[in-house]
Amino acid sequence: MASSTGNSLQPFVPGTNPSEAWGKWKKRFQMFYIATEIDKKSIPRQRAILLYNIGELALDIYSTFKIQETDASPTVPDILELFDGHFKPYKNTTYKRYQFFTTEQGENQNFDDYVTELKNKSMDCEFGELADSLVRDRIIIGIKDKALKERMLQDPDLSLAKAIDLGRATETSRQQVKNITREDVDLHSIKYKKQYKKNFKYPVGRKPNVSEEHPNAKVCQNCGSRHPYGKCFAYVVDLPAPPILGLAACKKLELILKVESLEQDHTRTKMDASPTKIIESYRDVFDEIGTLPGEHSVILRENAHPRIQLARRIPFALKKTS
């Protein structure tokens, strides 16, 4: 049985919203009051425990009440009621309702946390009997899931309890589908690696890299780099399959390299492979390439910008008959 009546509570701090801060501190003290069985102690001792835990700021406010203390009064409920009256003017119901009606589900906020936030904010709005229906409406309007929003709007008899059950079930099932899909992808990736590992070929211009982070690891046959076992990011296979990566991605991954120099394999010595040198050495190959017979005059508009156009494809019907 709990018997400690020490200062186990944080002192009350009004902050920028004294009314809300007081309501939260009062709830914590009431739980502390029950847990430590303060009600079994004498009234003066109960009063002393409250004033000791409430902190210096609130103690100064208590002094302004000018209460004559006796063995029978004031009781703890009496003192709490005095503080309720003191902080009541700070409560702005209009602003509380504004906060409630503008609360939307956060990007990474799960459904249950969003419902809890709305319920807590509705407690200070004085909605009365409309509280449940307004919380339900705010859930429908504020949730991020458009499909779930549509399902809720389709039910003319939707209650707050049904809306919460539907939201929880949808969120849970969606997570389960993600887990199942992830497991299925992992299984397929393992089978894929075993089936096509023998067909691997290094990308053009790519050589095995030595990683300073994993110098003791073996060179990976999939990506050509060194990394921990099972951490490979690429598979290159010699199969008649559609490409997965585009040109931009291949360039960034250095799968395709622009080669501007040549080497002679039989001598293993480098040669001057500049475009001018190659053209001069093999002049007969480059003669009359890209030229048209006769002379032509081309007049461009002012401020014309050059543009490269793809050759127009021949329609299938014409290609077949030609």
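Analyst: **Helix packing**

Helix α6 (residues 111–122) packs against helix α7 (residues 131–142) at an angle of about 135°, and their axes are 10 Å apart. This is a predicted model: local features need pLDDT of at least 70, side-chain atom pairs count only at pLDDT 80 or more, and totals for chains, interfaces and linings use all residues. Numbering starts from 1 along each chain as its sequence is written, and side-chain values use heavy atoms, without hydrogens and water.

Helices here are DSSP runs (H or I, at least four residues), numbered from the N terminus. Axes are lines fitted to C-alpha atoms over the stretch in contact, with angles from 0 to 180 degrees between N-to-C directions.

The angle makes α6 oblique to α7. (Under 35 degrees is roughly parallel, over 145 roughly antiparallel, 65 to 115 roughly perpendicular, the rest oblique.)

Now the residues. From α6, the contact (heavy atoms within 4.5 Å) takes F111, Y114, V115, L118, K119 and S122. From α7, V135, R138, I139 and G142 take part. By class, this contact of α6 with α7 has six nonpolar, two polar and two charged residues. (Ala, Val, Leu, Ile, Met, Phe, Trp, Tyr, Cys and Pro are nonpolar; Asp, Glu, Lys and Arg are charged; the others, Gly among them, are polar.)

Next, the other partner of α7. Helix α8 (residues 146–153) packs with α7 at an angle of about 140°, with the axes 8 Å apart. That makes α7 oblique to α8. On the α7 side, I139, I140, I141 and G142 make the contact. They meet K149, M152 and L153 of α8. This contact divides into five nonpolar residues, one polar and one charged.

**Backbone checks**

A cis peptide bond joins S73 and P74, with omega about -5°. P74 sits in the loop between α3 (56–63) and α4. The other site is E37. Its phi is near 55°, a positive value in a residue other than glycine. E37 lies in the loop between α1 and α2 (43–54). Most residues other than glycine have a negative phi, and most peptide bonds are trans.

Technical notes. Helices (H or I, at least four residues) and strands (E, at least two) are DSSP runs, numbered from the N terminus.
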